[in-house]
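Subject: Structure handover

Hi,

Here is the structure I promised to pass on to you. Have a look at it first, and then read on for what turned up in it.

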Amino acid sequence: MSPRVEAALVILLLAGCGEEPVVVDARTVTRVELRGCADPIDAGAACVLQNAQFNAAGEQVIEQPLSWRSDNPAIATVQPGGRVTGVADGATTIHATVGTAATSAAVVVRSRVAVVRLAGCTTVLPPGGVGCTMTASAYSTRQRLLPDRVVTWQVIDPEVAVVDAAGHVSPVARGHARIRATIEGVSADTLVAVGTPVYRVAVEGCEGVLAPASSCQLQVRTTAADGQVVVGGAPEWESSDSATVGIDPTGMVVARRLGVAQATVRVDGVEAAVSLEVGGFSRVVLGSGQYGCGFKPDGRIFCWGRNSHGQLGDGTFGDRPSPVLAISGAQVQDLAIGSEHACGITPTLRLLCWGGNENGQLGDGSHAARSTAREVEGGLFFRAVATGWRHTCALATNGSTYCWGGNVSGESGQPFPSGDVPTPRPIP
């Protein structure tokens with residue numbers, strides 16, 4: 001028998017006994033049930049509490065507007081419709097009321113770990129010493145500290161140091177140990193130094209392109225965290241391609257065949273690498289000033305020799321006995337070398353010059369030597385360039401020839417005797 005029929009029979013019986021019948025309003029809500037938000041939510045995230053409403057007969061009725069309230073809005077807030085938003089970690093109770101019917105649901109806010117930060121063990125530990133203790137802190141996506149989270153510790157290099165469940169690091173042998181802390185799937189690493197102050201390794205020597213069958217010496221510079229030079233253990237050298245470049249235990253390099261290889265050195269667990277290129281040139285240009293330059297197939301230029309005026313274009317003023325990369329690796333398709341300066345035309349037909357500039361031969365409007373390339377003034381495009389002792393001439397794409405620099409004998413194409421010509425001028 002349905003609840004509706006039962007209620008009708010009760011009314012008829014009461015009427016037969018002479019009593020006034022009690023009529024049940026099927027629309028009156030006497031019970032509310034809440035569902036949802038059973039799992040913890042992140043601070044700043046939201047979930048929705050769904051509700052179902054019932055009358056005294058146990059029938060679900062059309063939902064009526066509920067009044068919502070949170071016991072602790074500092075933990076979670078609730079909006080009309082049952083939307084709950086987490087504010088801070090903790091637990092609170094959400095209440096829903098309609099008429100005389102009321103119910104509640106527990107909501108837990110637990111922020112998701114977004115970042116783990118490590119602290120401690122910043123000094124060098126002596127092998128076999130008492131060690132140090134590290135701490136790991138978890139932070140939410142809003143950069144709030146999340147206390148009381150479980151930390152799992154791990155060491156990647158157990159031959160150097162070990163770490164226990166409390167984050168205490170015990171040193172074992174010289175080197176660097178990578179310590180890892182994981183909190184709820186998010187990890188952070190740090191290096192702990194044991195028995196050595198070496199923090200950074202730099203490799204010096206073997207600059208420029210190496211000729212096949214040539215050799216050069218690589219050297220190591222080791223520094224502490226404050227930049228001071230320190231002495232570490234014996235360097236360990238390795239070549240990524242020993243058929244191209246061989247390296248012995250002292251850092252001596254032997255170029256064996258054309259190609260590129262990476263030389264890696266390790267000192268007390270700290271690593272550094274340098275790229276070594278073995279190759280020749282597609283074209284070589286020699287000047288009258290005791291220096292020369294060679295073209296790589298990709299358009300890069302390497303220069304060597306005298307560099308008193310920065311004519312090698314590598315940013316220095318020191319002589320180079322072997323090729324060094326010029327003009328920061330910019331490509332050129334034509335190159336001319338004077339006694340103390342050089343000029344090259346880029347693939348976009350711009351003209352770059354560098355080196356000595358006593359008579360304005362660089363065409364940049366000054367008389368200052370340049371160890372790096374500068375574009376000549378005037379915004380012109382050029383097809384060809386030639387350099388003399390202290391002057392330069394170039395053929396522009398407009399068909400005119402321009403010269404600049406010294407003009408004591410009319411070499412810059414202007415009436416002489418006259419002063420220097422520091423920027424390009426067309427030949428009359």
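One cut-off before the rest: a residue is called buried under 20% relative accessible area, exposed over 50%, and partly exposed in between. By that scale Glu271, at 48% relative accessibility, counts as partly exposed, because its value falls in the middle range. Please also keep in mind that this is a predicted model.

**Salt bridges**

How many salt bridges does a search of the whole structure find? The search gives 17. Another of them is between the side chains of Asp89 and Arg149, again at 2.9 Å from N to O. This pair links distant parts of the chain, as the two residues are 60 residues apart. Asp89 sits in the loop between β6 (83-86) and β7 (90-98), while Arg149 sits in the loop between β12 (145-146) and β13. Are the two partners buried or partly exposed? Asp89 has 31% relative accessibility and so counts as partly exposed, whereas Arg149 has 9% and so counts as buried.

Asp364 is buried, with a relative accessible area of 8%. There is also a network: salt bridges with shared partners join Asp89, Arg110, Arg149 and Glu184.

**Nonpolar cores**

Next, the inside of the protein. In soluble globular proteins, nonpolar side chains tend to be buried together. The largest nonpolar core here has 23 residues. Which of them touch the most other members? They are Val113, Val116, Met134, Trp153, Val169, Ile179 and Val192. At least two residues of this core come from each of β11 (135-139), β13 (152-155), β14 (161-163), β16 (175-183) and β17 (186-194).

Leaving aside its neighbours within four places in sequence, Ile179 is in contact with Leu118, Met134, Trp153, Gln154, Val155, Val163, Val169, Ala188, Asp189, Thr190 and Val192. Apart from this core lies another one, of 22 residues, which includes Cys37, Ala43, Leu49 and Ile94.

**Two open sheets**

Strands of a sheet pair through backbone hydrogen bonds, either parallel or antiparallel.

Another open sheet has 4 strands, ordered β31-β32-β33-β34 and paired antiparallel. Here β31 (334-337) and β34 (370-375) are the edge strands, each pairing on one side only. From one strand to the next, the twist averages 15°. Strand β33 (residues 351-355) is joined to β34 by 3 bridges, and Leu352 has Glu375 in β34 as its bridge partner.

**Two buried loop residues**

Ser339 lies in the loop between β31 and β32 (341-345). Ser339 has a relative accessible area of 10%, so it counts as buried. Its side chain reaches the backbone oxygen of Trp389 at 2.7 Å. Beyond its neighbours within four places in sequence, Ser339 is in contact with Ser288, Gly289, Tyr291, Gln311, Gly388 and Trp389.

Gln361 is in the loop between β33 and β34. Its relative accessible area is 0%, so Gln361 is buried. What does the side chain of Gln361 reach at 3.2 Å? It is the backbone oxygen of Gly356. Again leaving aside neighbours within four places in sequence, Gln361 is in contact with His341, Gly356, Arg390, His391, Thr392, Trp404 and Gly405.

Methods. Residues are numbered from 1 along each chain as its sequence is written. This is a predicted model: local features need pLDDT of at least 70, side-chain atom pairs count only at pLDDT 80 or more; totals for chains, interfaces and linings use all residues. Side-chain values use heavy atoms; hydrogens and water are left out. Two strands pair if DSSP finds at least two bridges between them. Axes are lines fitted to C-alpha atoms, for helices over the stretch in contact, and angles run from 0 to 180 degrees between N-to-C directions. A nonpolar core is a set of buried Ala, Val, Leu, Ile, Met, Phe, Trp, Tyr and Cys residues joined through side-chain atoms within 4.5 Å. Buried means under 20% relative accessible area, exposed over 50%, partly exposed in between (1.4 Å probe, protein chains only). Contact means heavy atoms within 4.5 Å. A polar contact is a pair of N or O atoms within 3.5 Å; within protein, one must be able to donate a hydrogen and the other to accept it, and residues adjacent in sequence count only if both atoms are side-chain atoms. A salt bridge is a side-chain nitrogen of Lys or Arg within 4 Å of a carboxyl oxygen of Asp or Glu.
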